[in-house]
Amino acid sequence: VLGLVLAGLDGSIAGAVPGVGAVGFAVAGALVLFQRPDNRLGWLFCAGAVTMSVLGAGGAYATRALVHAPGSLPGGLFAAWLADFMAIPTIGLFAGVLPQLFPTGRAVSRWWRLPLWAAWGYIVLGAVGNGFLPQRLESVPGWPNPYAIPSAKALFAAGIRLSVPLGVV
């Protein structure tokens, strides 16, 4: 709802689309948890809904706070960073983890555990690397990463480089 309101104020309804998708995944996750509490997909749908909500609403909030009405909302730079940070977990959950566990919530066989671990590795290495690498933010173009750790640039860049083949797996 926050993403829809902020996107509407800024005239960018397309920016609220992730929030609408997040509601769908939250409802699906709640239904799975209610009907099949032992199925991990319910929790993963809900977690994906949270990451997608933060991605969409955080980006809309940051755009409003930093671009369209500077100073009107507190914490705009943090919201931009958090929205950028949530991009990799959102992609990793929906493209890497969930398809491998559907429909039972478990890997099809023990051989599928390697790609599943690769997807989790992609999420962790990619998100941490993206979150702390000195670079420009994507959610609010032109703004530098406020939580960058320049002294560990090589480490975070290596994590991102390693996450790419894990994401492909």
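**Exercise 1. Determine which residues N145 touches, and characterise its surroundings.**

Solution. Step 1: leaving aside residues up to four places away in sequence, N145 touches W81, N130, G131, F132, L133, Q135 and L137, where contact means heavy atoms within 4.5 Å. The model is predicted: local features need pLDDT of at least 70, side-chain atom pairs count only at pLDDT 80 or more, and totals for chains, interfaces and linings use all residues. Residues are numbered from 1 along each chain as its sequence is written, and side-chain values use heavy atoms, without hydrogens and water.

Step 1: N145 lies in the loop between α5 (113-132) and α6 (153-168); helices are DSSP runs of H or I with at least four residues, numbered from the N terminus.

Step 2: the side chains of N145 and W81 are joined by a polar contact of 3.5 Å. Such a contact is a pair of N or O atoms within 3.5 Å; within protein, one must be able to donate a hydrogen and the other to accept it, and residues adjacent in sequence count only if both atoms are side-chain atoms.

**Exercise 2. Classify N145 and V5 as buried, partly exposed or exposed.**

Solution. Step 1: buried means under 20% relative accessible area, exposed over 50%, and partly exposed in between (1.4 Å probe, protein chains only).

Step 1: N145 has a relative accessible area of 9% and is therefore buried.

Step 2: V5, found in helix α1 (residues 2-9), has a relative accessible area of 47%, so V5 is partly exposed.

Terms used:
Helices (H or I, at least four residues) and strands (E, at least two) are DSSP runs, numbered from the N terminus.
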